[in-house]
Structures are given as structure tokens and as C-alpha cells.
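Please look over the sequence and the structure shown below before reading on. The notes that follow take up the core, the sheet and the helices in turn.

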Amino acid sequence: MTIIAPNSVRLPADPSLITLTYQHEHLVQGFEFDETLEVWTVTARIDADTLAEALSATTDMDQDALDAVQDIVVGRMSFVRVRMFGPDHPFDAMDSYTGDVARIGEVVLDVAGGEWTEAFETALAHPVGDLLVMDRVTLEPAWRRFGLGPVLAGAAIRRLSEGCVATVCEPGSADDRELSQAEHEEARVKLGRVWEKIGFTPFQDGVHMLDCHLQRTQTLLTERQEEFRALCTAWSNHRP
């Protein structure tokens, strides 16, 4: 288990108050690739009422100050579920979304046939089911460097990956900064190591995969939860 650094006290707020909110919208009558592609937005935040209640119990803030407390956004994630047995060609659905998702589709799918590539199918423990793409994971600057990325992403994957053979991603820059080629490569390698903590392994052409059917995946997610509990305890013991 990772040792929680003393700088956990520098967290903006109590991490144990973080909640994940899942949002997916679709028309009742499917439009274009709605029946094949599900786009999920996951927001990590601390609710204002929850935060105010915690502050009232641990500080001497007056009511006016408590009433002024606002939600704290910790980060945002986006996931794309590709239904392999939907009415549409799975690669066409991925290609309709973004170039990043389409590139992943080119690596794991036989673009012409719409099935897994031979290499991807061979790498899977049980190759029957849908595909979950971890498209974006972004933390607000104040919440970075505390190991929260794998914790939050792992928790979301646990909820969203039921019935999926794997979760895939293409590690890259964690924000929208303009980077040189060398900086992009450095960010890719660094993030690849981060996602290894929840079970992602390199597959092909920069795409990493997490096999949803491996016990190792569940073990790593449990370890990240234990680290998160340790972080919460460290913050509680050393809070300002």
C-alpha cells in the first residue's frame, strides 16, 4: 500500500465527502447511434450542504458563512460504452463520437467486420460483452498529486463496466495544455503508470486495456479504496 504523504493536509477539503454523480441522456426514440453508444459524464464533487454540515460540526463558522458554502468540483470523467450487439456497426458508432475514441476502435476492432481483432480477443479472459472506453479523466489542479485519479476512475469503472469485457483507454495529457511531442510522450508514459494501479496494461499502439473479468482487477480496485480510506484518515487527523 502507498504511504500517505504528510501533504495530505493540503487537500482543499475532506476527501471522504466526495461523491460521484453519473449522467447519461438519450432520446426515448433512438437517434443515430444512441442504441449502440452510451456516453456517460461522471462528476466528482463535494455537495455544498454536505460540506456545510461537516464544517458546522468541526469549526466555529457562523451561519452566514455556512450559508455561503458552495459545491466543490473535484474532477470530471467521461466514459463511452460501446454495445457490441447493438443495431449499429460498433466502429461506425465510435467513429461518430471523437477522433480519440475512433483511434481506440481502430486498435481493438476489426473495422470492416465489427468484431474484436484477433489480438484483442486473444488478450481477453472472456471475449463476449460490451466495451467501455475511459475517454477523459481530469482533476481540478488543487486536487492533483494525492492519488485520487485511480481511486475515482476505478470507482466509476466498477459501476459502469458491468457486462463489459474490458475497459480501454489511450493515456495522454491530463489537461488541454499545448505540449511538444516529447512532453506528450512523457505524459503518456506517466499516465500509463498511473492507470496500471487499477489494472490497465499496455495492449497495442498506445492503447491500454483493463480486463473486467480478472480477479487482479478487483484486487487492485480494493487496494486503491484502502489507500483512499488512509488518505481520508490522514486528512482528518491533520486537518487545519
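**Core, sheet and helices**

The largest nonpolar core has 37 residues, and those with the most contacts inside it are Phe79, Met134, Leu148 and Trp195; such a core is a set of buried Ala, Val, Leu, Ile, Met, Phe, Trp, Tyr and Cys residues joined through side-chain atoms within 4.5 Å, where buried means under 20% relative accessible area with a 1.4 Å probe and protein chains only. This is a predicted model, in which local features need pLDDT of at least 70 and side-chain atom pairs count only at pLDDT 80 or more, while totals for chains, interfaces and linings use all residues. Residues are numbered from 1 along each chain as its sequence is written, and side-chain values use heavy atoms, with hydrogens and water left out.

**The nonpolar cores**

- Two or more residues of this core come from each of β2 (37–46), β3 (72–82), β4 (130–139), α6 (148–160), β5 (164–169), α7 (181–196) and α8 (215–238), these being DSSP runs numbered from the N terminus, with helices (H or I) of at least four residues and strands (E) of at least two.
- Of these elements, α6 gives the most to the core, with seven residues.
- Phenylalanine 79 touches, among others, Trp40, Val42, Met134, Ala153 and Leu160, leaving aside residues up to four places away in sequence; contact means heavy atoms within 4.5 Å.

**The sheet**

- Seven strands form an open sheet in the order β1-β2-β3-β4-β5-β7-β6, with mixed pairing, two strands being paired if DSSP finds at least two bridges between them.
- Because β1 and β6 (201–204) stand at the edges, each with a single partner strand, one side of each is left without a neighbour in the sheet.
- β1 (residues 19–23) runs antiparallel to β2 and is joined to it by five bridges, with threonine 19 opposite arginine 45 in β2.
- β2 and β3 also run antiparallel, joined by 10 bridges, and valine 42 stands opposite methionine 77 in β3.
- β4 and β5, by contrast, run parallel and are joined by four bridges, with aspartate 130 opposite cysteine 164 in β5.

**The helix α6**

- α6 has 13 residues and reaches 18 Å from its first C-alpha to its last, close to the 18 Å expected at 1.5 Å a residue, a span taken as 1.5 Å times one less than the number of residues.
- α6 is mostly covered, since 11 of its 13 residues are buried, including Leu148, Val151 and Ile157.
- α6 lies across β1, β2, β3, β4 and β5, running at about 40° to β3; axes are lines fitted to C-alpha atoms, for helices over the stretch in contact, and angles run from 0 to 180 degrees between N-to-C directions.

Key
Buried < 20%, exposed > 50% of the residue type's maximum accessible area, 1.4 Å probe, protein only.
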